[in-house]
Amino acid sequence: MYIIKNALKCIGRSKGRNILIGIIALVIAVSACIGLSIRQAAESAKNSTLEEMTVTATISFDRQSMMQDMRQPSAASDGQPDETQDRSFDREQFRDMMNGDTSLTLEEYQTYASAKSVQDFYYTLTAYFDGSDNLEPVSTESESEDESEPSAGAPGGGMNFGRDKGNRMGNMVTGDFTLIGYSGDNAMTAFQSGTTTISDGAVFSEGTTERQCLISEELAAYNDLAVGDTITLANPESETETYSLTVSGIYQNTEANDLSVSMFGVGQDPANRIYLSAAALQGILDASSSVSETVTDETTGRETETAVGSSLSATYVFADADDYHRFEEEVRTLGLDDSYTVFSADLTAFENSLTPLNTLSTMAGWFLLVILLIGAVILIVLNIFNIRERKYEIGVLTAMGMKKGKVALQFLTEILVVTMAAILVGAGIGAVSAVPVTNALLENQVESQQSTQLQMENNFGRGGNFKGGMQAAEPNGQNDVPGDITDGGGRGGFAAFGQNMSNYITEVNSAMNLTVLLQLLGIGLLLTLAAGAVSVLFVMRYDPLKILANRD
């Protein structure tokens with residue numbers, strides 16, 4: 001107790017020196033608090049969002065890995081790669097493999113959906129059809145224009161990318177209309193998110209096999225259609241093969257449609273999408289297969305079936321990211337081949353949204369390290385001068401019989417009290433300023449990131465051509481980033497087909513918490529111990545008799 005009382009008295013006697021130490025400790029505390037808060041905000045944003053967000057994933061054929069495997073030499077007799085073999089890419093083998101059936105069946109998708117980590121499962125079927133006499137696709141092209149001619153101004157004479165009417169895309173021949181069949185209401189994510197709504201009529205019954213459909217307001221106005229009317233669609237490879245659908249509802253898409261019909265083909269225009277039940281679309285596909293014929297191309301000799309082709313897209317829903325990672329292991333146990341990969345666009349988009357915040361967190365970490373090093377050096381130097389100025393006091397105390405350890409403990413107590421008081425005041429100041437400072441720095445970081453990305457797109461001549469990119473072309477909705485953070489904009493620019501400018505996190509609502517406070521107190525304790533260690537070294541090496549004898 002005597003040591004504490006004496007330390008407090010010494011603090012009061014040396015106000016100027018201790019105020020200087022307190023100011024330095026205060027600056028260190030405020031700076032450290034802001035740096036720690038930024039790092040804590042980044043970690044909290046990531047953890048809280050991952051806990052709250054619903055993660056979706058798909059399974060797709062890993063073509064890139066397959067191509068890399070095709071370049072690897074096979075093993076020689078000793079089990080080592082035979083370096084003498086040709087590593088050139090075998091195009092014919094690649095074509096044969098890709099022409100085979102690399103897509104999973106619905107039964108296989110459903111098998112993987114039985115994994116314990118899966119919370120929900122849905123799928124969509126996509127097929128292409130042509131219109132008939134009573135149904136024309138929404139188009140800005142002249143009726144007299146030859147559909148076989150490429151659009152003007154496109155690369156190689158056109159920008160239809162092989163997707164215009166009559167072109168083959170995989171096992172499908174594209175047509176005027178895209179039919180999307182949903183397995184259930186949970187698959188209709190655009191309706192759930194509100195980007196697509198029913199303006200007239202009603203959605204078809206979930207899982208129904210009746211040929212009821214939804215058409216867009218644009219398509220309904222273009223063809224003077226109403227709820228209850230019947231539309232007729234034709235097989236693109238067999239115009240005499242037709243199917244009738246009843247319009248049960250008309251939908252409105254609130255997303256901006258910047259896609260050019262002449263660019264992607266009328267079948268890819270969102271206005272020409274027709275929605276129906278997956279069971280109803282499967283019934284049409286089965287009917288088409290039952291009347292399919294084999295056609296031989298006179299030029300290439302290639303044989304194709306006239307049955308309407310389709311593509312199947314399955315989506316798995318998980319409660320959190322941990323379940324998604326468990327799913328990657330479970331599907332391998334359930335028999336998924338290594339040729340397929342599990343991918344989550346939600347997690348990828350989320351990681352991209354954290355880029356500015358993670359960058360700021362890294363910078364804050366280095367800033368914190370520099371501040372601590374400089375602060376520690378300054379405190380040590382000040383403490384050295386303090387000890388040298390008080391040599392006589394040390395000599396008197398030790399000559400009176402006080403052990404050197406207790407004398408060193410007194411000096412350590414003095415700097416501990418001053419430093420911790422400054423740390424607590426600095427923590428209060430940092431708690432108030434952490435959020436606005438973090439958001440200001442984060443805003444600058446986001447602007448810098450977006451500017452760099454936009455400059456890169458401008459260098460390629462893509463910047464600002466199409467806002468939103470291919471966002472409107474996706475039938476499924478987007479997952480918002482929940483949590484104690486704000487998801488900022490950044491969708492400007494036509495970065496690449498199917499890609500958008502990243503949606504960065506631009507604001508945090510909380511940064512200071514108990515963890516930061518404890519870390520701050522720990523830093524104060526370390527600084528005190530570092531500076532106090534000097535006191536111990538100097539006190540232990542002083543000889544009280546020499547100090548008293550050499551006093552000037």
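This is a predicted model: local features need pLDDT of at least 70, side-chain atom pairs count only at pLDDT 80 or more; totals for chains, interfaces and linings use all residues.
**Group meeting talk: helix α2 and its partners**

Let me begin with a meeting place: Ala45, Lys46, Thr49 and Leu50 in helix α2 touch Leu347, Phe350 and Glu351 in helix α11, where a contact means heavy atoms within 4.5 Å. By class, this contact of α2 with α11 has four nonpolar, one polar and two charged residues; Ala, Val, Leu, Ile, Met, Phe, Trp, Tyr, Cys and Pro count as nonpolar, Asp, Glu, Lys and Arg as charged, and the others, Gly among them, as polar.

Residues are numbered from 1 along each chain as its sequence is written, and side-chain values use heavy atoms, with hydrogens and water left out.

The protein chain holds 16 helices and 16 strands, and these are DSSP runs numbered from the N terminus, with helices being H or I of at least four residues and strands being E of at least two. Of the 552 residues in the protein chain, 43% are buried, where buried means under 20% relative accessible area, exposed means over 50%, and partly exposed lies in between, with a 1.4 Å probe and protein chains only. Among contacts in the protein chain between residues at least 6 apart in sequence, 79% join residues at least 24 apart.

How do we describe two packed helices? We give the angle between their axes and the distance between the axes. Here axes are lines fitted to C-alpha atoms, for helices over the stretch in contact, and angles run from 0 to 180 degrees between N-to-C directions.

For α2 (residues 15-52) and α11 (residues 345-353), the angle is about 160 degrees and the axes are 11 Å apart, and α2 and α11 are therefore roughly antiparallel to each other; the cut-offs are under 35 degrees for roughly parallel, over 145 for roughly antiparallel, 65 to 115 for roughly perpendicular, and oblique for the rest. Helix α2 passes α11 in a right-handed crossing, a crossing being right-handed if the near helix is turned clockwise from the far one by less than a right angle, and left-handed if anticlockwise.

Now compare the packing of α2 with helix α12 (residues 355-389), where the axes come within 9 Å and cross at roughly 160 degrees. This pair is also roughly antiparallel, but the crossing of α2 and α12 is left-handed. The residues of that contact divide into 20 nonpolar, eight polar and three charged.

Let me turn to single residues. Asn352 sits in helix α11 and is partly exposed, at 35% relative accessibility. Its C-alpha atom is separated by 7.1 Å from that of Tyr504, although Asn352 and Tyr504 are 152 residues apart along the chain.

Gly194 lies in the loop between α6 (189-193) and β6 (196-201), and it is partly exposed as well, with a relative accessible area of 33%. The C-alpha atoms of Gly194 and Gln252, 58 residues apart along the chain, are separated by 9.9 Å.

Is Asp224 buried or exposed? At 69% relative accessibility, Asp224 counts as exposed, and its place is in the loop between α7 (217-223) and β8 (230-235). Its phi is near 55 degrees, a positive value in a residue other than glycine.

I finish with the cysteines: Cys33 is buried at a relative accessible area of 0%, and Cys213 is buried with a value of 0%. The structure holds zero disulfides, a disulfide being a pair of cysteine sulfur atoms within 2.5 Å.
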